[in-house]
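Open the model in your viewer and follow the stops below. Each one says what to select and what is there.

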Amino acid sequence: MAGTLSIVGVGPGDPELITLRAARLIGSASVVAYFCREKHPSQARTIAQAHIGPDTEELRLVYPFTTEVSVGDPAYHQNMTAFYDQSAQRLAAALASGRNVTLLCEGDPFLYGSAMYVFDRLHKQWNTQVVPGIMAMNGCWSQAQAPMTHGDDVLCVLPATLPEAKLASWLERADAAVIMKIGRNMPHVRQAISQSGRMDDALYVERGTQGGQVITPLAEREGAAPYFSLVLLPGRKRVR
Ligand SMILES: C[S@@+](CC[C@H](N)C(=O)[O-])C[C@H]1O[C@@H](n2cnc3c(N)ncnc32)[C@H](O)[C@@H]1O
């Protein structure tokens with residue numbers, strides 16, 4: 001009997017924000033897998049640590065690179081395709097041997113998650129289940145005490161990797177917005193927010209729900225931003 005692949009969201013960082021189902025599937029897995037950078041701990045594993053049993057096998061899926069090669073470089077796609085093929089093969093080998101595998105994913109697996117690329121490669125052939133997780137954005141807006149959408153507000157989720165003009169154009173149209181993947185994109189995110197006239201409303205959240213959390217108006221934040229940061233633009237706040 002082949003094993004089951006469980007792709008589980010582990011939430012935005014606070015270990016208490018993991019679902020009961022995710023905790024159970026981590027605790028009962030023969031193999032726990034996670035994506036990580038070479039010589040770095042996996043954020044998802046750190047969140048899930050308390051639920052990983054002492055005899056559980058761990059499968060580290062180590063990215064060949066993260067931000068060192070730009071997404072526009074053809075080498076990026078070539079290498080990442082090979083990496084996801086190889087990761088899927090390693091997971092499939094464990095499943096074929098009858099072991100249940102739980103793949104950890106920070107936040108929710110289906111929102112900008114690497115797990116989606118192995119899901120695409122495996123779910124038709126192997127018994128697969130997906131467990132939702134609390135996303136970074138709702139962890140962050142709860143911590144910031146920022147109600148986001150009221151009435152018929154439209155929420156727009158934007159990757160900061162978009163060019164400045166596209167970001168500004170979406171921001172002009174959306175009532176509420178979340179900008180993710182800030183990191184080195186901070187300068188043009190700032191420009192796009194200013195250009196759309198929304199700097200006064202923008203909130204910056206770094207490491208939301210985690211130790212070292214920072215929440216501040218974006219206008220008061222200077223300098224670079226780490227990878228685990230996002231910007232919230234709450235909706236129009238219509239009074240009912
Ligand atoms: C590849 S996406 C993964 C999103 C994740 N699957 C989710 O459901 O939120 C990574 C981005 O999520 C955001 N992020 C993740 N955890 C965060 C946290 N604790 N605080 C702030 N932003 C976070 C950052 O914008 C980061 O660049």
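**Stop 1: Leu155**

Select Leu155 and show its contacts: leaving aside residues up to four places away in sequence, it touches Trp141, Met148, Thr149, Ala176, Ala177 and Val178. Keep in mind that this is a predicted model. Leu155 lies in strand 6, which covers residues 155–159. Is Leu155 buried, partly exposed or exposed? Leu155 counts as partly exposed because its relative accessibility is 34%, and that class runs between 20% and 50%. Leu155 and Leu233 are 78 residues apart in sequence, yet their C-alpha atoms are 9.2 Å apart in space.

**Stop 2: the ligand**

Select the ligand and the residues around it. There are 19 of them, and Asp108, Leu111, Ala136, Lys181 and Ser229 come nearest. Colour this shell by class: eleven residues are nonpolar, four are polar and four are charged. Next, colour by domain. Domain 1 (5–134) and domain 2 (137–233) each supply at least three residues to the shell.

- Glu106: an N or O atom of the side chain is 2.8 Å from a nitrogen atom of the ligand.
- Asp108: a backbone N or O atom lies 2.8 Å from an oxygen atom of the ligand.
- Ser229: a polar backbone atom is 2.7 Å from an oxygen atom of the ligand.

The ligand taken alone exposes 570 Å², and the protein buries 96% of that. Which elements give two or more residues to the shell? They are helix 5 (136–143) and strand 10 (229–233).

**Stop 3: helix 1**

Move to helix 1, residues 20–28. Show the side chains of Ala22, Ala23, Leu25 and Ile26, which are buried.

**Stop 4: Gln210**

Finish with Gln210, in the loop between strand 8 (203–206) and strand 9 (214–217). Is Gln210 buried or exposed? Gln210 has a relative accessible area of 14%, so it counts as buried; the cut-off is under 20%. Show its contacts too. Not counting residues up to four places away in sequence, Gln210 touches Pro12, Gly13 and Gln43.

Methods. Residues numbered from 1 in each chain as written. Predicted model: local features only at pLDDT ≥ 70, side-chain atom pairs only at ≥ 80, totals over all residues. Heavy atoms only, no water. Buried < 20%, exposed > 50% of the residue type's maximum accessible area, 1.4 Å probe, protein only. Helix = DSSP H or I, 4+ residues; strand = E, 2+ residues; numbered from the N terminus. Near = heavy atom within 4 Å. Polar contact = N/O pair within 3.5 Å; in protein donor to acceptor, adjacent residues only side chain to side chain. Areas by Shrake-Rupley, 256 points an atom, 1.4 Å probe, with all protein chains shown as cover. Nonpolar A, V, L, I, M, F, W, Y, C, P; charged D, E, K, R; others polar. Domains from an automatic or database assignment. Contact = heavy atoms within 4.5 Å.
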